[in-house]
Every structure is written in C-alpha cells, then in structure tokens.
Protein chains: 2
Amino acid sequence: MSSMSGELRQAFLAADVRPTVQRYAVLHYLARNRVHATAEEIFREVNRRDPRASRATVYNSLKSLARAGLVREVVSDGKAARFDASLHPHHHFVCERCGEVEDVAWFELPAGKAPLGARQVRSFEVVFRGVCEKCAAAQSLTGETE
Amino acid sequence: MSSMSGELRQAFLAADVRPTVQRYAVLHYLARNRVHATAEEIFREVNRRDPRASRATVYNSLKSLARAGLVREVVSDGKAARFDASLHPHHHFVCERCGEVEDVAWFELPAGKAPLGARQVRSFEVVFRGVCEKCAAAQSLTGETE
DNA sequence: GCGCTAAGTTAGACTTATTCTAGATTTACA
DNA sequence: TGTAAATCTAGAATAAGTCTAACTTAGCGC
C-alpha cells in the first residue's frame, strides 16, 4: 500500500479494514463513479488500469467493504448484485418500467416512528418504486396503457 | 381455474392478472407462509402438493405477480432473490450479522419529505440494517468484538 | 358448450453470477 | 527485517436465472 488519497484512506482507517491495493481500487472506482455497478463492471473497469484484481478478489473486496459499511449492496431487480460507495448517504428510487436505480437526496426519518424493538439499527434507507421521469414521458407520448 | 379462495381470488381479479393454477399456487404459498422465500424454495414447496410448476414457471409467475404488485422482491444480501406476498404492506429489517430478513410493522412517511421530482411513486419501503435481537444477545454473552 | 387465439406452461439445455480451492503474495507488527 | 495471518490469483465448480420449441389452458364470441 503506497499512495492512498485523503477521504478513502481515512475511510479504511476508520473502518478498520486492511487496506490492500485491490480493495482500494474497488472503493475508489465506486466513490468516483456514482453508478450502481455490478461486480462484473467493477472487475472490468478496475482492470483497465494497473492494479489487476481477479474476479474472486472483486467479490471478496466488495464483501469486506460492505461488512465495514464503506460500500453497500443496492436493491436491484436484475439478477446481478449492484453496489454503491456509501460514504455519503442517500435513498433510492427503482423504476419498475426500465429497472433503472436512481439516487434520492438524503432525509431523516422522524425519530421513534419505527417499531423496532430491541434491534440495533446501524443504518437505513428508503426504497421508492414507481415510474421514472423518462419512462413517464415515453408513456404519455405513445398513450400506452401498459 | 376451478377453486380459488377469497382474498387471493380478489387479488387476481383486481390486479388483472390471468389466474392460472401455477400462479395461484405460488401466491398462495407466499401468502400463507410469511417467509422471505427464494424462487428455489417456492419451487420445492409448491411441488410437494399437486399443481406442479416447472422452475421456469415459478420464475415467470413471480415476475407477473411482482409486476402486478401482488408479490415483491425483498432486499437480500445473498445471491438468490427473495419474495414476499405484498398483500399487506410492511417494512424490512436486515441483520448484518446473520443475514435474516425480518418484517417491520408499517408506518407512513411524512408527506413531502422526499425530493422525488416528477417521478411517479407507486410504493416504497424502509430497509433498516443492523443487528437483530438474537445476534445482539449472542454477542453480549460472548463479549465478542466482531 | 365449442372452437379459436393469445397467453401461459414444460423440461431441460444454456448463460450468467458467485463461490471455492490450493498455492503464491502481501500486510501488520515485533 | 522475519514471521504468521490475511489476502490474492486463475480457473474449476456450483448456483441462479433465462431461453427455446412444442404443448396446454384461459378468455371470449358464437
């Protein structure tokens, strides 16, 4: 581990995750590209530059990072899991028409609303489902019913 | 389609989904067993009784039922998708320790909180993550750190 | 009821996603 | 540095989900 820039370095230290070149590359990719990437995409993109990471390592890294809370698995209807750097919290909107997952700006939940009993909550997110702007526009144009 | 009992029959009619023996069996299983089942589990259980359904049909049925809103795909960290009869709305709690998904009683979100723009929201749910009661108890007993 | 057509179902081959394995490398720390 | 524990690699193995082509059923008009 030679050079790791600010925020990410902090994140690794704070989360007590062994920083390895490969984990860094994975988190770096997710943090830089605000996309909901599949493991396969991350694998491809990370390997376009130098530090190569095997497929298994991408999966392992995502798992470690997720356990540490640096990355989270995002809801998705497809079969492949999708991931998100979770350095900055946000909610999600899933389009039932095209499957796209969009970020929704963060807002808090009113305290005490949720009947959670003795469970220890470490994080939460709201997942909205419906029709995204693009699909809504396409629908009204063609007058489609379904 | 000969005999279909009350609530489910209504659900099919209301959702304008062609009622088939197989779809009925799938929805029936999910409605009766408040579990977050994988497609594989549903396949196995449905086929223990009479109306047999091929694997592909279980997947197709789940897809149709989900599109119609009678079933929903539940968050899950594992690789296999999990499903839920969504006749009665509720939120979810995911244990980061054991992976278990638990239901959380329904509550509304304060109106106007979410910055959703022109998106058409048809449903939403809150996903909490943390440590479930059982895992919390196990942890405090053994004094484990991680 | 009868027959037509579109929608749905079947088994199993196939594709894609994820995990496993065994040996080579790297990290943390004394 | 030297060493043990953690991590990485390539590729084989497994699991999840989709596709295909032929067969069945539901919905609807007569």
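In chain B, three strands make up an open sheet whose order is 1-3-2 and whose pairing is antiparallel. Strand 1 (37-38) and strand 2 (71-74) of chain B stand at the edges with a single partner strand each, so one side of each is left without a neighbour in the sheet. Strands here are DSSP runs of E with at least two residues, helices are runs of H or I with at least four residues, and both are numbered from the N terminus; two strands are taken to pair if DSSP finds at least two bridges between them.

This is a predicted model, in which local features need pLDDT of at least 70 and side-chain atom pairs count only at pLDDT 80 or more, while totals for chains, interfaces and linings use all residues. Residues are numbered from 1 along each chain as its sequence is written, chains are lettered from A and ligands numbered from 1 in the order in which they are written, and side-chain values use heavy atoms, with hydrogens and water left out.

Within the sheet of chain B, strand 1 pairs with strand 3 (residues 82-85) in the antiparallel sense over two bridges, and the bridge partner of B:Ala37 in strand 3 of chain B is B:Phe83. Chain A likewise has an open sheet of three strands in the order 1-3-2, with antiparallel pairing. Its strand 1 (37-38) and strand 2 (71-74) are at the edges, each with a single partner strand, so that one side of each lacks a neighbour in the sheet. Strand 3 (residues 82-85) of chain A is joined to strand 1 of chain A by two bridges and to strand 2 of chain A by four bridges; A:Thr38 has A:Arg82 as its bridge partner, and A:Arg72 has A:Asp84.

Chain B also contains a hairpin, formed by strand 4 and strand 5 with five residues between them, where B:Gly99 in the turn has a positive phi of about 85°. Strand 4 (residues 91-95) and strand 5 (residues 101-104) of chain B pair in the antiparallel sense over four bridges, with B:Asp103 as the bridge partner of B:His92.

The same surface serves both copies, since 97% of the contact residues of chain B (contact meaning heavy atoms within 4.5 Å) recur in chain A.

DNA strand C is surrounded by 20 residues, the closest being A:Tyr59, B:Thr20, B:Arg52, B:Ser54 and B:Thr57; a residue is near the strand if one of its heavy atoms lies within 4 Å of it. Of the atoms of DNA strand C within 4 Å of the protein, 85% belong to sugar or phosphate and the rest to bases. Helix 4 (55-67) of chain A, helix 2 (21-32) of chain B and helix 4 (55-67) of chain B each supply at least two residues of this surface, and helix 4 of chain A gives the most, with four residues.

| Protein residue and atom | Atom of DNA strand C | Distance |
|---|---|---|
| A:Ala81, polar backbone atom | phosphate oxygen | 3.0 Å |
| B:Arg18, N or O atom in the side chain | sugar or linking oxygen | 2.9 Å |
| B:Thr57, polar side-chain atom | phosphate oxygen | 2.4 Å |

Notes:
A polar contact is a pair of N or O atoms within 3.5 Å; within protein, one must be able to donate a hydrogen and the other to accept it, and residues adjacent in sequence count only if both atoms are side-chain atoms.
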